[in-house]
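We will walk from one selection to the next, starting at the ligand.

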Amino acid sequence: MEIVVSGIRSTGNLHLGNYFGALRNFTRMQHKNKCFFFIADYHSLTTHPIPADLHGNVRHVLAEYLACGIDPGAATIYLQSDVPEVTELYLLLNMISYTGELERTTTFKDKVRNQPDNVNAGLLTYPVLMAADILIHKADKVPVGKDQQPHLEITRKLARRFNNMYKSECFPEPEAYNFGEKLVKIPGLDGSGKMGKSEGNAIYLADDEKTVRKKVMRAVTDSGPTGPGQEMTEPIRNLFTIMHFVSGPDTIQHFKDRYNDCTIRYGDLKKQLADDLVIFMKPIQGRINDILANEDYLARVASEGAERARESASATVREVRELIGFKPF
Ligand code: TYM
């Protein structure tokens, strides 16, 4: 049985990118593997959330995980901050991480560009904390979207380095995973780039029908194909990419044909996409609201998950401490 670990930052509600990039893959693996899925609340601190918002965000994300089908009877669901062993492994891994390699990470460079007033050390060592999250359970597979690939490379490198340095086989080298297919990148609705919380281009699982329709109808397009079989521009390709995840193959083919014979009306395409998104999201939204209303259930899931996660995490930290040379008197 393989070990699977993944997580999502609790910086806001979940969007379609989180769902199709990570959550859906995870739910497909949870009954056949030993799975850990956590809420990365420490990671959310790099953007300094207001204390009054932190717990509410975590609570909402937990409800969303459950509503999306993560089964606490099969997988271990927990809050990162409930497992202090993660921070110990983070500290130990920081000692074998080099500032140069962290500074060169593309995600760090992006953050420096996007939040120049808040380039905190947590941002630089973000991939080390992520490696600790993954290695603490000795994961083999990490279901994530394409944007996380650079972080997985660092995790693999640190696992290798630790094993070499301490002459052990303590950590497997985990791989970013999507069932043998390419990692997923869900685009935003603004014509370019990926869907993201900070990009302001996302459809959230909790968005109501009116909001979804409004966002989709406002999505960037172009002035339409001018000749048969013309290559699609990025904004149009993006709409088809999202459609691929929520619409049936006949529907997609229909609109591709209309594109290729230049009779497509983007308004029709968007209306169809909005309809299919609403159908896809409705049952999830119903479950989110039911689960949010059940405070006891949420508390039970979090505390049982924390207990199981700590059991696994403390065994790893014990082994790591011994390998490094810490000994009790
Ligand atoms: P975060 O919170 O930004 O995103 C959570 C997951 O959603 C995926 N994702 C996407 N996938 C496809 N298309 C998109 N547009 C898109 N946007 C987000 C991400 O790839 C990710 O899988 N550092 C992580 C959280 C984390 C983590 C970990 C993940 C912390 N520790 C350990 C795995 C293992 C992050 O910020 O993800």
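Select Gln148 and the ligand: a polar side-chain atom of Gln148 sits 3.2 Å from a ligand nitrogen, a polar contact (a pair of N or O atoms within 3.5 Å). Next pick Met195; here a polar backbone atom is 2.8 Å from a ligand nitrogen. Now show the surface: the protein covers 98% of the 700 Å² of accessible area that the ligand has on its own (Shrake-Rupley method, 1.4 Å probe).

A word on the model: it is predicted, so local features need pLDDT of at least 70 and side-chain atom pairs pLDDT 80 or more, while totals for chains, interfaces and linings use all residues. Numbering runs from 1 along each chain as its sequence is written, and side-chain values use heavy atoms, without hydrogens and water.

Last stop: aromatic pairs, of which the structure holds ten (ring centres within 6.5 Å; planes under 30 degrees apart are stacked, over 60 edge-to-face, the rest tilted). Select Phe20 and Phe245, whose ring centres are 4.8 Å apart with planes at 40°, so the pair is tilted. Phe20 belongs to helix α1 and Phe245 to helix α10 (residues 234-246), so the pair ties together parts 225 residues apart in sequence.

Key. Polar contact = N/O pair within 3.5 Å; in protein donor to acceptor, adjacent residues only side chain to side chain. Phe/Tyr/Trp six-rings, centres within 6.5 Å; stacked < 30°, edge-to-face > 60°. Helix = DSSP H or I, 4+ residues; strand = E, 2+ residues; numbered from the N terminus.
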